[in-house]
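Below are my notes on the model, as numbered points. Please read them with the coordinates open.

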Amino acid sequence: MAIAHGERARAPLAPASIKAAAGYSLPTFAAVIWFALGAVTFGWPQAQAWPYTLAFALGATGLGLLVLLSALLAQFWPPLAQRVRTGTPWIALLGGLFLLWEILTAKLALLPVPFFQPPQSLLEVFLEDYQRLGESVLRSVWLLARGYLIGAVAGVVLGMAMGWSPKVNYWSHPILRFIGPLPATAWLPLAFFIFPTSASASVFLIALATGFPVAILTWSGVASVSSAYYDIARTLGANSRFLILKVALPAAMPHIFVGLFMGLGASFAVLVVAEMMGVKAGLGWYLQWAQGWAAYNNMYAGLLVMALMCSGLVALLFRLRDRLLAWQKGLVRW
Amino acid sequence: MVGSTASNPAVADGLAVSVQGLSHSFALGDQHLPVLDHVDLDLRPGNFVAILGPSGCGKSTLLRLAAGLERPAAGRITADGRTINDPDPERVLVFQDPTLYPWRTVRANVGLGLEARGLLRTQRHRIDEALQLVGLEGFKEAYPHQLSGGMAQRASLARALVNDPRLLLLDEPLGKLDSLTRLSMQSELVRLWQEKGFTALLVTHDVEEAIFMAERIVVMSPRPARILDEIVNDLPYPRHRGDERMHGLRRRALALLGLDASW
Ligand SMILES: Nc1ncnc2c1ncn2[C@@H]1O[C@H](COP(=O)(O)OP(=O)(O)O)[C@@H](O)[C@H]1O
Ligand SMILES: [Mg+2]
């Protein structure tokens with residue numbers, strides 16, 4: 001992932017053609033689409049009575065009103081105007097897609113039913129199964145956080161030690177080379193056998209998946225620190241502790257963050273598998289449970305929530321990076 | 001001596017530096033690259049000595065040895081009679097490249113030495129003084145990538161001066177500055193040296209700079225560097241760039257460097 005370097009790229013703005021239409025017309029257009037979604041959902045009779053049809057219609061209409069309202073407020077409050085301008089094209093497109101989805105499923109019944117159900121049935125899942133979904137999210141986050149933090153800290157410590165001490169490097173490099181490329185999930189059967197609980201085994205596997213890229217990149221970061229940085233600090237009276245913590249570590253930080261991003265991606269994969277195979281809790285388990293009951297709506301809902309969770313965690317890591325690496329020029333925005 | 005500071009006993013006196021039979025070489029691939037060849041040089045406390053020599057002859061290597069960043073292959077350098085083996089904050093080297101830490105603001109870069117020695121809390125005010133001295137008060141919170149080359153070089157000078165060195169080793173510290181800033185920094189450094197009384201060893205490729213600033217100018221041969229000759233410049237400070245008496249010194253220096261044809 002080439003996140004740490006490269007040109008400064010802001011959040012992409014809407015294309016010029018769309019921007020030209022901004023002001024009133026685009027928000028109006030987006031609102032009209034959502035109103036249409038509400039009207040079609042409510043007014044167009046459907047072959048099969050889907051629960052929450054009215055709620056969905058009301059929600060769509062409400063969102064249309066919200067778009068109009070924020071466009072109006074944006075006239076008086078510039079920060080909001082920026083958001084409206086970048087967000088509105090997407091809101092319009094989403095409304096259009098929902099409209100298409102609603103018509104193809106609930107209204108015309110063109111798509112095979114157990115797999116494809118109208119949007120209101122997704123709403124149904126969120127409104128009726130929120131407790132189980134919410135608990136699954138919490139359990140997933142808690143498991144991931146433990147494994148990821150342990151793996152990240154261990155990876156940084158090992159990478160620093162490898163970059164600093166030839167002895168540590170001599171002994172750990174071959175092991176990392178040999179074992180590192182093995183997918184952490186391959187250890188799953190063994191880990192569930194060795195560890196007392198499936199939760200501790202999962203924490204270990206997530207830590208393993210995270211720690212490997214973090215260690216490698218930390219090590220390469222430390223190895224690439226210019227020796228002039230150390231010379232400067234040494235002539236000014238720095239001891240080894242200072243050289244490690246105040247020179248090598250911050251100098252390697254851009255590399256470390258690349259490792260942290262790679263580790264986060266790897267940890268998601270292990271999390272889902274571990275939840276499906278062992279822990280029997282969390283979003284991975286929820287997906288499998290939904291599939292077992294042929295509850296496709298629940299599966300879609302679970303996938304959606306999982307996407308939100310993963311992208312939220314990635315965004316969080318980007319926040320942290322922007323904070324710690326504010327000194328770097330040319331950071332890519334998330 | 002010009003640089004003595006009898007009037008201000010709080011300021012550390014300069015180090016006496018003695019370079020004795022110093023030779024050094026590098027291994028370049030499987031080749032043996034001799035860099036310094038039996039160099040002898042004595043600096044009394046508070047001396048200001050400039051080293052002139054062709055590029056690549058070993059001037060920076062000499063300063064690195066004096067800073068204690070490397071050990072010489074043969075011979076030794078002493079400071080106040082003690083052999084230099086390791087770096088010590090009383091001998092500060094201003095590198096040819098500013099090499100500021102890009103993750104630290106200018107203020108934090110300048111405070112590096114104080115922080116490394118645990119003096120940041122008690123002597124923080126010195127950072128501001130040093131920044132003022134090099135004219136960077138307005139850029140305390142800037143990051144190095146926001147500075148021009150000259151400003152970065154001035155920041156690295158401030159980073160050295162904060163530590164009140166007894167020996168200041170200067171490796172072409174003004175080479176990257178624009179000519180106006182360079183002239184004012186030359187005067188500023190001389191004033192500082194007179195005020196603080198440290199010993200100064202300046203490497204430069206600028207004959208004018210050497211003549212304007214130093215009491216003695218050591219001219220070195222191409223690699224491996226030997227000392228060709230030494231020019232004593234006993235003109236009183238403050239000096240004037242247009243001083244007639246500098247012409248002769250300039251001519252001698254250029255002749256030693258083999259550039260007298262251009263004179
Ligand atoms: N660490 C090193 N390894 C190998 N060769 C070096 C090293 N440092 C300097 N040299 C060589 O030593 C010679 C003198 O270098 P230096 O002291 O930097 O010259 P200068 O007089 O320009 O400052 C050069 O030929 C350079 O290539
Ligand atoms: Mg040099």
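1. Charge on chain A. Chain A carries 20 positive and 9 negative side chains, and the centres of the two sets are 15 Å apart. Lys and Arg are counted as positive and Asp and Glu as negative, while His and the chain ends are left out. Each charge is placed at NZ of Lys, CZ of Arg, CG of Asp or CD of Glu.

2. Charge on chain B. Here there are 30 positive and 32 negative charges, and their mean positions are 3 Å apart.

3. Basis of the values. This is a predicted model, in which local features need pLDDT of at least 70 and side-chain atom pairs count only at pLDDT 80 or more, whereas totals for chains, interfaces and linings use all residues. Residues are numbered from 1 along each chain as its sequence is written, chains are lettered from A and ligands numbered from 1 in the order in which they are written, and side-chain values use heavy atoms, with hydrogens and water left out.

4. Secondary structure. Chain B has nine helices and 10 strands.

5. Overall form of chain A. A compact globule of 334 residues would have a radius of gyration near 20 Å, but chain A has 25 Å. The radius is taken over C-alpha atoms, and the globule rule is 2.2 Å times the number of residues to the power 0.38. Along the principal axes, the C-alpha atoms of chain A fill a box of roughly 75 × 55 × 25 Å.

6. Overall form of chain B. The radius of gyration of chain B is 18 Å, which agrees with the value near 18 Å for a compact globule of 263 residues. The C-alpha trace of chain B spans about 50 × 50 × 40 Å along its principal axes.

7. Burial and surface. In chain A, 43% of the 334 residues are buried; in chain B, 52% of the 263 residues are. Buried means under 20% relative accessible area, exposed over 50%, and partly exposed in between, with a 1.4 Å probe and protein chains only. The accessible surface of chain A is about 17,800 Å², with 73% of it on carbon and sulfur atoms. For chain B the figures are about 11,300 Å² and 51%. Areas come from the Shrake-Rupley method with a 1.4 Å probe; for residues, only the protein chains shown count as cover.

8. Contacts. Among contacts in chain A between residues at least 6 apart in sequence, 72% join residues at least 24 apart. In chain B, residues 24 or more positions apart account for 68% of the contacts with a separation of 6 or more. A contact means heavy atoms within 4.5 Å.

9. Record annotation of chain A. UniProt, in an unreviewed entry, lists "domain: ABC transmembrane type-1" at residues 137-317 of chain A. UniProt positions are in the numbering used here, feature names are shortened, and annotations may be inferred rather than shown by experiment. Residues 137-317 of chain A are 87% helix and 0% strand, with the end C-alpha atoms 18 Å apart. The unreviewed entry in UniProt also places the feature "transmembrane region" at several spans of chain A, including 175-195 and 251-279. Residues 175-195 of chain A are 57% helix and 0% strand, with end C-alpha atoms 22 Å apart. Residues 251-279 of chain A are 100% helix and 0% strand, and their end C-alpha atoms are 39 Å apart.

10. Cis peptide bonds. Arg223(B) and Pro224(B) are joined by a cis peptide bond with omega about -10°. Pro224(B) is in the loop between β9 (216-220) and β10 (227-232) of chain B. The bond from Tyr237(B) to Pro238(B) is also cis, with omega near -10°, and Pro238(B) is in the loop between β10 and α9 (246-256) of chain B.

11. Positive phi. Ala109(A), a residue other than glycine, has a positive phi near 50°. Ala109(A) is in the loop between α4 (78-107) and α5 (119-128) of chain A, and is partly exposed at 43% relative accessible area. Asp80(B) has a positive phi near 50°, lies in the loop between β4 (74-79) and β5 (82-83) of chain B, and is partly exposed at 34%.

12. Ile211(B). Ile211(B) lies in helix α8 (residues 207-213) of chain B and is buried, with a relative accessible area of 1%. Leaving aside neighbours within four places in sequence, Ile211(B) is in contact with Ile217(B), Asn233(B), Arg239(B), Met246(B), Leu249(B) and Arg250(B). Ile211(B) and Arg104(B) are 107 residues apart in sequence and 36 Å apart in space, C-alpha to C-alpha.

Key:
Helices (H or I, at least four residues) and strands (E, at least two) are DSSP runs, numbered from the N terminus.
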